[in-house]
Amino acid sequence: LWSHFPNCTNNQIRNALLHGVREPPVADPQNTPGWDIFYGYGTVNAGASFQLLRTRGCVGAGGRFPDAANGETLSDQSPGGGEQLQFGCTADEHCTDQVDN
């Protein structure tokens with residue numbers, strides 16, 4: 001994805017991947033709602049993430065750029081795991097632990 005969208009930050013690419021996930025198999029007992037240690041937020045769907053970035057751009061698909069004027073860095077927006085979607089929010093859908101496809 002990054003090679004197709006080189007102007008996006010690493011966090012925007014990661015968040016676009018999170019927003020493009022496929023739900024894990026419902027029949028799998030290890031699949032729990034939201035983030036879990038077995039599937040994270042789901043299985044990677046690079047095609048859906050590519051479409052998000054293509055149609056919405058870096059900010060629309062992956063969140064805002066760090067506010068360098070106020071000392072914010074990429075690292076400040078990189079907690080990883082279940083908290084990643086809370087950083088760089090530009091829309092309600094970026095600010096939730098529920099990922100909608």
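Visitor: Is C8 buried or exposed?
Guide: C8 counts as buried because its relative accessibility is 4%. Buried means under 20% relative accessible area, exposed over 50%, partly exposed in between (1.4 Å probe, protein chains only). Bear in mind that this is a predicted model: local features need pLDDT of at least 70, side-chain atom pairs count only at pLDDT 80 or more, and totals for chains, interfaces and linings use all residues. Residues are numbered from 1 along each chain as its sequence is written, and side-chain values use heavy atoms, with hydrogens and water left out.
Visitor: Which residue does a disulfide join to C8?
Guide: C58, with S to S at 2.0 Å; the rule is a pair of cysteine sulfur atoms within 2.5 Å. The two cysteines sit 50 residues apart, C8 in the segment before α1 and C58 in helix α2. Helices here are DSSP runs (H or I, at least four residues), as are strands (E, at least two), numbered from the N terminus.
Visitor: Why is the disulfide left-handed?
Guide: Because the torsion about the S-S bond of C8 and C58 is about -85°.
Visitor: Switching to α2, where is the kink centred?
Guide: On R56, and the kink is about 120°. The bend is the angle between axes fitted to the seven residues ending there and the seven starting there.
Visitor: Which residues of α2 are buried?
Guide: S49, L52, L53, C58, A61 and G62. Their cover includes α1 (10-19).
Visitor: And what comes just after α2?
Guide: G63, with a positive phi of about 100°.

Methods:
Contact = heavy atoms within 4.5 Å.
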